[in-house]
Structures are given as structure tokens and as C-alpha cells.
Amino acid sequence: MLREILSRFEDLVVIKEPVKKELEITRYLLKYPDRPVLFEDVEGWKVAGNIWSTRERIASYLNTTREKLIHLIAEAMENPRPYKEVKDAPFLRNSTKDFSLRELPIPKYYPRDGGQYFTSAMVIAKDDSGFVNISFHRMMVRDEKTAAIRLVPRHLYSMWKEKAERGEDLDIRIVVGNPVHLLLAGSVSTAYGISELEIASAMSKIAFGRPLEVIDLGGIPVPVESEFVFEARITPELVDEGPFVDITGTYDIVRKQPLVVFEKMYHVDDPIFHALLSGGYEHYMLMGLPKEPQIYASVKRVVPKVHGVRLTEGGSMWLHAVVSITKQHDGDGKNAILAAFAGHPSLKRVIVVDEDINIYDDREVEWAVATRFQPDRDLVIVPNARGSSLDPSAEKGLTAKWGLDATKPLGRKEEFERARV
């Protein structure tokens, strides 16, 4: 549970004074961007944010290192494991149909947001074949029992659309307040038919030696470690959703999106609501980390020795990356650039460096560019490429992508070596 997880962190910031859910939570989370924050009184509720705002904290919780985290996620994505169904869960101790979304500690993060927003919520749904999908979806509260859900054309959208075309609702469970392996699994991009719950179970098995535990809640498996669980349904009706600040820190537009009806709430004793600050470091980590194994795998298909991949915080862990390789042939750097773009189509800039550069140190990466890169020789520009919809500088979905080959020429390697003692 979140309480036990938070107790492990020596850098936890505890806010004891009363805090309002509208804008005030944001001010504290921005003040402590890379430290977990526990609010003890948000209009009568406990709230936590910035929980998973650094690689080191995530890696430590999963019993690995910053450098090996990419391999843990990759192994779980490649080898999903069955989850274990159990008969009880702590959230079952408190259940009610008499609740109001307006009264829950669901924040309004920024002044122009369309309203209170679920940001850490994941939606679990099961299709007619028995396939179970779990994925992140922001939801804007409209009144006491309804919200607008942002659905992009992926798996949950397909499940909803199939029902909506028949005039039917899609039965779902919404979970809030979960451990990081479940959150990371909910962010991966995988083939339809591969359940993210099984990817989370694989991460749990690797990190802790045990599978993910779930309980059957009305025919849908729900993780037992969730702090809040809602029984709900996505209707065919479309309503306005937005504006809302997305990962780049800029406002997304208003769209027509499906209406969600909330019917029943469950929660653990003295629950902690997870407030995931949009455009904050925690948002970066949870959205970006699962993309790094995809870039790694893509580059490794063209360059045998790949040492690491990092989506950078300066690029919102979505648009900019650094890749470390050992060159075997001149031209490997440029091949790595093109492969990185293929591995993460939203990527806008990639810097490829040698294995002696620490990709987690921005100064070292910049030093490599300063001393090993020449624009007329080492710059790759891909004009008019399909990019990220989250990039405000893109036009009609098109962007120019650029790669910097900041690796040493093989024939002159000794001229680029740093002096060491």
C-alpha cells in the first residue's frame, strides 16, 4: 500500500497544514519537483504526489539500479507472466454508492484546466474474448458521478468503440493509488491481446519474486494493492473534455470525448489519493520509461553494442533522447539515429554518444556534442515526418526530426580521448 511505500523514502516531504485541492497541491509539487510529498489534510483526505519522480527511487523500489531498470522493463514486456487471483483485498473494507466526485481530493492542477482531473487513474476493461486491458486515461470531473475520459485510438478506444457502435456501455474498473510496477505496465505500448496486468506481474516476479495479485470484481480483475477502486462504465455519449496541461507543460485542446458514469467506490482504510502532476517529473517517468526499451531494441537491431537509452527530462522524457553505443563501423551513429526514431515515433531529437559518456549527466552529453560533433558531417535531419501530437511546434502532426552523431570517428579515436588520472 502507498503508506508502506512512502515510509521507505527518507526524502519524503510531509505537509501537515490544510491544503486545498484547487491549485494549492500544484504549488507544493512544483516546489519539491523530485521529492515525494504527502499531504495529510486535503479537505479531509490524504494525498501524495511526486512519488515516482526519479529513476533512482523507482529502481530502488524494484530492487534494481538506474542503469538496469530499462532491462527489467524490457524483460517484463517480452515475457509477460500470469497474475494470481486471490479472494480478498484491503479496498473491499470500505464500499459505497453514496459518494460525490466533487468531494473527493481530485485536484484542479492549473488555472485553465477544464475542472478537477483524475491523472493517476488507470482503467481496466475486458473484451468479449476475455482479453484484459489496463491503461492510463485522464478524466475530467463533470459532476458528482460523471467525468469525461480522454481516449486516444488504442486498445481501450477499440473496446469502447465496439460497444458504442451497438449503443452499449463498456463496463470498467478505475484504480487509483498503485505501486510503480503496475503504473509502468499501464504505460507500455504492446500488441492487442497481451495484457498489461501480465506485464506488471512479470515486473513483480522479477523485482519481488512473486506475481501480481488481483481480485475478481464483477468479472474484471483488479490489483489488490489499489488504494481506490471505482466501478464505472464508459457510455457512447460524447462531451467536452479539456483544456488540460499535458506532458510538455502546455495546454491541450478541448475535444469531444466519451462520458464515464461512476457507480460504486471502494477504498482502503485511511486511503491516500495519488495526485500525478501533469507536466511534472513523475509524469515524465511513468510515461517515458516504458518507451526506452522500445528505442533500445530498435537501435540494437542495427548496432550490436548498445549500452543505454535515456529520454531526457529537458525533452519532457518524450521528445528528446540520448543513446550510448560502441561503434564497429563509421556510419553506425547515423544508423542508430534512424533506428531510434523508428523505435519511438514521437521522438524529435536524438544524440548518439560513445560508451565513455554518462548519458544521465547532461554536461557530459553536451561535452560530447561540443568536442565530437560537426554539423556539416554529423547532423541528420528528417523533414516533414510524423511526430508527436504533444509537440506544440508541430504543424498538422508533422515535424522535422534531427539526430546528432556525437561519436568519435573510428580512425581518429585517440584524438578524442579525455585526459584521466
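Before the first stop, one term: contact means heavy atoms within 4.5 Å. Angles run from 0 to 180 degrees between N-to-C directions, and axes are lines fitted to C-alpha atoms, for helices over the stretch in contact. Helices (H or I, at least four residues) and strands (E, at least two) are DSSP runs, numbered from the N terminus.

Some housekeeping too: this is a predicted model, where local features need pLDDT of at least 70 and side-chain atom pairs count only at pLDDT 80 or more, while totals for chains, interfaces and linings use all residues. Residues are numbered from 1 along each chain as its sequence is written, and side-chain values use heavy atoms, with hydrogens and water left out.

**Stop 1**

Select helix α2, residues 24-31. Helix α2 lies across β1, β2 (37-42), β3 and β18, and runs at about 160° to β2. Now show those strands: the four form an open sheet in the order β1-β2-β3-β18, with mixed pairing. At the edges sit β1 (13-15) and β18 (272-275), each pairing on one side only. Neighbouring strands here are turned by 25° against each other on average, direction ignored.

Two strands pair if DSSP finds at least two bridges between them. Zoom in on β3 (residues 45-49) and β18: they run parallel and are joined by four bridges. Which residue of β18 is the bridge partner of Lys46? Pick Ile272.

**Stop 2: strand β7 and its two partners**

Jump to β7, residues 122-126. Buried means under 20% relative accessible area, exposed over 50%, and partly exposed in between (1.4 Å probe, protein chains only). Four of the five residues of β7 are buried, so the strand is largely enclosed by the rest of the structure.

Met122 stands opposite Phe136 of β8. The two strands form a hairpin with five residues between them, and in the turn Gly130 has a positive phi of about 100°.

Then bring in β11 (residues 170-176): β7 and β11 pair in the antiparallel sense over four bridges. Along that pairing, Val123 stands opposite Ile174.

**Stop 3: helix α4**

Next, select α4 (69-78). Is this helix largely enclosed or largely open? Seven of its ten residues are buried, so α4 is largely enclosed by the rest of the structure. Highlight Leu69, Ile70, Leu72, Ile73, Ala74, Ala76 and Met77 to see the buried residues. They pack against α3, α6 (180-185), α7 (196-208), α9 and β19.

Click on Ala74, which has a relative accessible area of 15%. For a distance check, go from Ala74 to Gly218: they are 144 residues apart in sequence and 32 Å apart in space, C-alpha to C-alpha.

The contact is made by Leu72, Ile73, Glu75, Ala76 and Met77 of α4 with Ile199, Ala202, Met203 and Ile206 of α7. Colour that contact by class and you get eight nonpolar, no polar and one charged residues. Here Ala, Val, Leu, Ile, Met, Phe, Trp, Tyr, Cys and Pro count as nonpolar, Asp, Glu, Lys and Arg as charged, and the others, Gly among them, as polar.

**Stop 4: helices α9 and α10**

Select α9 (residues 292-300) and α10 (residues 332-343), which pack at an angle of about 140° with their axes 8 Å apart. Gln294, Ile295, Ser298 and Val299 of α9 meet Ala336, Ala339, Ala340, Ala342 and Gly343 of α10. That contact divides into six nonpolar, three polar and no charged residues.

Stay on α9: Glu292, Pro293, Ile295, Tyr296, Ser298 and Val299 are buried. Their cover includes α3 (55-61), α4, α8 (281-288), β19 (306-311), β20 (320-325) and α10.

**Stop 5: a three-stranded sheet**

Finish with the open sheet β4-β12-β13, where the pairing is mixed. Its edge strands are β4 (84-86) and β13 (220-223). Strands β4 and β12 (residues 213-217) run parallel, joined by three bridges. Pick Glu85 and its bridge partner in β12, Val214.
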